[in-house]
Amino acid sequence: MVTKKSVDIEKEKLAKNMYSGCSGGSGSTTSGHLPAAKSSSAAGSTTAGPCNTVVSFSPGTMANSSSHMVQQILPPGQDAPNILVYKKMEAIVERMQTEGSGVSVRTVKAFMSKVPSVFTGADLIQWIMANLTVDDISEALHLAHLLASHGYLFPIDDHQLTVRNDGTFYRFQTPYFWPSNFWEPENTDYAIYLCKRTMQNKTRLELADYEAENLAKLQKMFSRKWEFIFMQAEAQSKVDKKRDKLERKVLDSQERAFWDVHRPMPGCVNTTEMDIKKAYRKGASSLGSGSAGTAAHSNPAETMAKTIALLKQKLDRRTIKVSKVAESYISYYEQYSEFDYFLSAPDHPNPWQTDNTEFWDAEKLGKDIPMKRVKRWGFSLRELLNDPIGREQFTKFLDKEFSGENLKFWEAIQDMKALPQSQIKEAAQAIWNEYLAPDAACPVNIDSKSLELARDVVKEGAAQPSRWCFDVAADHVFYLMKSDSYSRFLRSDMYKECLNGSKKKTSVKGLRIFSGRKDTPVIN
């Protein structure tokens, strides 16, 4: 029978085994701990035992400690894009931590407490300007900010990794957590860390708002194995409680700074992300070029085979769910099925399947606008403009609202696209003079960017314009008609009269599509 007491005993044994398994082989009772603040001015820059990196600072679970030890034994990736930057910054940090000539690290006494192994932002900036031949204080602040954003030093009371030139206290990060070790912590590691924080000192280690939200998301994500995560967090918490109080403060702050680098607060830059330009130059991209990329792929056949394989994978990768595609097809079919006379029979014999022309004759001779045709105008502005009668009704509506120049401008640009190339320049100048010039007879309202692009087309000395030179302005005007005029047209009495069948045809402009003399995209 499993009782709560037996579970607690097993947890205690697990914690002891993890703790003793790391500290047992060093021959020192302090192995597995960072040296206290008195014995190291860097507060974590040196280690006291061979297993110190696993027990004291493991950012993940104790169960993964063996993989972390392997990572420490193996040399880091020397071909990583940022390794040169890391080495330069680490050389500066090591100089800062040098005893005697480095930054002054001290333990500050506060009311009823001590703040171990800290230095002020002003001390840091002063050291940089004195030892790194930096004369400008803004440049020194920039360098300090880069070191902080990469996690080499951090403020003890803030999640935002920046440096101020004042009395704010900062602390150095332990080398175990330096970016050159190429940590890739997983979400389970982060969940254990946040869960452990909730078990410790509430006032000093209370979760920030964004951390509480992340914890809730992780708890939902790992709901099936949350008991295991909780046990790991509890075991680590029990080990931490056995340490010295000042040492525990240092370790907690260094672990928090590690996660501030790898899981930054909203609005902060994640410096652990790989720069795509550097990866491209190093040949990390499968389609990379350049000197380094060419050297990495000296065999053209192999490079081409990898490229083809990558492109095939992209073809197989769906950018939208099949269910969404099916819903779109079904919706389109339901909307247009009654207008497809191969699927639904018309009132008169289908002229495409028989020699009977009654369908066209009825449309041509009828005085009323068919309700099916009017109903289709409500699908989109394109459908309305593709129908000559619909375009005529929409033109009348725009004239009533004193915005008919928008449709005329859009139609003029569409007509220009159908002209031969020899007439494009003259047509573009005519459109400019009538609609866009400062003294235009029928000016349209477009944004300044579109107007500048149009002006570049017709200015003196400009190259031969293309038939698509006004497309940006045309798209802008079309969007205005679609979002404003078209929606009001559908609510107008004019459209309702057409939909009710009380509107009569007023011209033969829309009847030509049924005579067989002009091809249009819409046939009813």
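Analyst: H18 and H22 are roughly perpendicular to each other (angles of 65 to 115 degrees count as such). This is a predicted model: local features need pLDDT of at least 70, side-chain atom pairs count only at pLDDT 80 or more, and totals for chains, interfaces and linings use all residues. Residues are numbered from 1 along each chain as its sequence is written, and side-chain values use heavy atoms, without hydrogens and water.

User: At what angle do the axes of H18 and H22 cross?

Analyst: Roughly 100°, and the axes come within 10 Å. H18 spans residues 388-400 and H22 residues 471-490. Helices are DSSP runs (H or I, at least four residues), strands likewise (E, at least two), numbered from the N terminus. Axes are lines fitted to C-alpha atoms, for helices over the stretch in contact; angles run from 0 to 180 degrees between N-to-C directions.

User: Which residues of H18 and H22 make the contact?

Analyst: Gln393, Phe394, Phe397 and Leu398 of H18 meet Met481, Ser485, Tyr486, Arg488 and Phe489 of H22. Contact means heavy atoms within 4.5 Å.

User: Now the sheet. What is the strand order?

Analyst: E1-E2-E4-E3, an open sheet with antiparallel pairing. Strands pair if DSSP finds at least two bridges between them.

User: Which strands stand at the edges?

Analyst: E1 (106-110) and E3 (153-155). Each has a single partner strand, so one side of each lacks a neighbour in the sheet. The twist averages 50° from one strand to the next.

User: And which strands does helix H5 lie across?

Analyst: H5 (residues 121-131) lies across E1, E2, E3 and E4, at about 25° to E2. Helix H10 (residues 245-262) also packs on the sheet, touching E2, E3 and E4. Its direction makes about 45° with that of E2.

Terms used
Parallel < 35°, antiparallel > 145°, perpendicular 65-115°, else oblique.
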